[in-house]
Amino acid sequence: MKERLFQNVKETLYYEQLDNGLQVFILPKQGFSKTYATFTTRYGSIDNHFQSGEQEVQVPDGIAHFLEHKMFEKEQDDVFHLFSKYGASANAFTSFDRTSYLFSCTDQVEENLTTLLDFVQNPYFTEKTVEKEKGIIAQEINMYDDNPDFRVYFNLLQGMYHHHPVRIYVAGTVNSIQEITADMLTTCYNFFYHPSNMILFIVGALEPQTIMDLVKKNQADKTFPKLGEIERYYPFEPESVHQPVTDIPMAVGINKCLIGFKERNNGLTGKELLKRELVTQIVLDVLLGKSSPLYEQLYNEGLIGEDFGADYSGEFTYGYSVIGGDTTNPDSLIEKLNEGIQRLHQTSITLEQFERSRKKKIGGFLRSLNSLEFFANQFTKYTFNEIDLFDILDTLDEIRLDEVNERRVHHFDRNQMAVSIIRPQA
Amino acid sequence: MLTTGIDFKTINHHGNNIHTLHTSKFKTTTIQVHVSLPLQEEHVTKAALIANVLKRGNVPYPTELKLRERLDDLYGASFDVDVLKKGENQVVVFQMEIAQDAYLPKGSSLLQEAIELLSAIILQPVVVEEGFTPAFVQIEKENLVKRINSIIDDKIRFANLRATQEMCMGEPYALSALGIKEEIDGITPQDLYRFYREIFLKQSKDIYVVGVAESTRVKGLFLDFLEQAKFEGEISYAAPIDKPVHEPRTVIEELEVTQGKLHLGFRTHTLLKDDDYVPMLVFNGLFGAYPHSKLFINVREKESLAYYAVSRLESLKGIMMVMSGIEFANYEKAKGIILEQLDQVRSGAISDEELTQTKAVLINQLREIQDSAYAMIDYHYNSTIGERYRSLEEVIGEIQSMQVEDIAKAAAKVELDLVYFLRNKGGNME
């Protein structure tokens, strides 16, 4: 078991990769009452075409999410019951890139950790239980369809991307899930739920050696078939934007408006990817953060509210910025934002603006570190991209003004821009 | 490692309370200033407006932009305001969170600067002709209207608001913490400033600091603030009104909704300061607070009548609200099952498993409070307003030793006061 001390944030991380390939990270937090654990596979909604050795597989959209649902149903036990018996609350989620199973508790950590490992590593899929779930997930998809915040976001993704699977609802579509079978779930499970493709992260009130020993023993008692390299295939995605404007009516009380900028250069990992994320967030903050003149102008004109924001997501095969929120007048908002972006191109970001934004990011990062959930989820997400969460403060320190100004011009390009609007139905 | 302390030290100075919890387990220090007013029609709307207007500008930082720049310079200090209802009090909250010195470049020390900034926001507003800046007031009036409208758009919150208004008609609790929409338009910058000088500044203030914050140092840093916000007299909070229930009423309303919202209001006749508060807490947990509770299991799982069926306890007022989203046609059936579950608990029909699970989950929730500065402040402040402080150990101990009879007794006190049903227009009731 390796030990790494991070002086700048006063944390110590324990790590070991087990014989079966599982990466285990343990972060003890002095003085905390809670323990939070996540068991995550690097398998999400975008992974519907893959190969290992001779076997090439293409599966319907929404299968990773479907699998997550079915994981909780076992022949004998009710998984939620197993957790609440020991006072733990459990949950799971599926995103574009990963599926995570988690619990939090203040007592009986060892029992709950064992339950977590065992239930995820004992799949139970039958045709009958698969059929039953289709109706429930169809309702879930309909619920998202009715949700205007969800729709305006996905319309933006569909506007930006021609073919990349990030444009599809994580849960799939009502039609795509009809094609899912128990055999397909088993195939996907065998490919992606192999320990070598997974990360276990445990943080909170615990003793590292005891926990690591428990995990090692639990894993040593199980056998897993050998797994070769997995190749993931994504369709060719042109640089250009698919549909620059999507504008639909819905039964809402207020307009919703989002602008997106699609990443041109993908394929980054590690520190490069982290740095690009931080630099882009700094540019967004200088342009539209609460201490920016543009935000003040939009707010004082009554165009935007408290929910207005801007963020950037960057993964290995895709990346994009999203700006927007509720608005009294989407056309006016877009006009003002376009003017702002034009000004952004014409005027460099000053050292003062850059330093202020960087300081703000330091504070924001430190605030996040109070949350055990943030540690587990963000660390896992970053590790799958070969990024180390604990590199953030040093990386922030290394960023130079010219890098920020280069990104300002390169990323916020009119050719890479898409708009998504939802207006109240007449 | 089960620590069981929410150990605030309280100092009273010039009439105001300063509560500090000195700990290094977080990477930030959290500061909250609570100004508490009795919920009253005459000033509820002005109180809902005031904090957002104060946020717009003060003498050292006359625009919000300048304020935000200053916050960013303080290593991204976060700042926000809120207004809540706690029992029959309206509480205006100012909160700031700063990084601790230990994680910043040498020489940075944010606590004093943060407290000075907070004091300026609360005590040195920009004043123009005996009133707040008209442009600030105008925008915030519009924002308050938007905030109230968004509750109306959210049908569950709307139903809850209406059920509370009907059940507590004539009691201060019927008022929303966001005020009365119709009154907003008529408030002038001068009215608001007068309210601020003559009423707002003279209310009970509780200051909370959690982090690397030793109590006498904090008091020292707040001295100027306390001098200016001097408070003559005893700190007090409005005590809640309890009403005896004669006959439960039913109110049915119609709107364009696709799902019926069934809300049942109960009087528990039990407050946080009462000896049987903890049994009532366990009763609520067993009855409807969790996915293993009677309401979830019987209304949703067994009968598939609802996607959600929950109960929520308000121990600063003495009521419990049951909320459920159902098909219109299932009104009588759902109501029947909910009331039947209450009877079940009253008669002691509680399995060992239900009891063990409820205790485990409730204790887990309580222990987790210690992992959040906000949760600890809320816990302590509720105890302050509710006039009784219980340590976590005490509450957990009482929960662990609770028996079926104690819970049945608590259930026996609970009385149905109001049935509220929000349904679509022009339908029939089965």
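Guide: Welcome! In chain B, strand S4 (residues 78–86) and strand S5 pair in the antiparallel sense over nine bridges. This is a predicted model, where local features need pLDDT of at least 70, side-chain atom pairs count only at pLDDT 80 or more, and totals for chains, interfaces and linings use all residues. Residues are numbered from 1 along each chain as its sequence is written, chains are lettered from A and ligands numbered from 1 in the order in which they are written, and side-chain values use heavy atoms, leaving out hydrogens and water.

Visitor: Why are S4(B) and S5(B) said to pair?

Guide: Pairing asks that DSSP find at least two bridges between two strands. S4(B) and S5(B) have nine, so they pair. In one of these bridges, B:Val83 has B:Val92 as its partner.

Visitor: Why is the link between A:Arg356 and B:Glu69 called a salt bridge?

Guide: The term needs a side-chain nitrogen of Lys or Arg within 4 Å of a carboxyl oxygen of Asp or Glu. Here the closest N and O atoms are 3.5 Å apart, so the pair qualifies. The count between chain B and chain A is six salt bridges.

Visitor: Which elements of chain B give two or more residues to the side that touches chain A?

Guide: They are helix H2 (64–73), strand S5 (89–99), helix H4 (134–153) and helix H12 (352–368). Helices (H or I, at least four residues) and strands (E, at least two) are DSSP runs, numbered from the N terminus. H12(B) gives the most, with eight residues.

Visitor: How many residues are in contact?

Guide: With contact meaning heavy atoms within 4.5 Å, 39 residues of chain B touch 41 residues of chain A.
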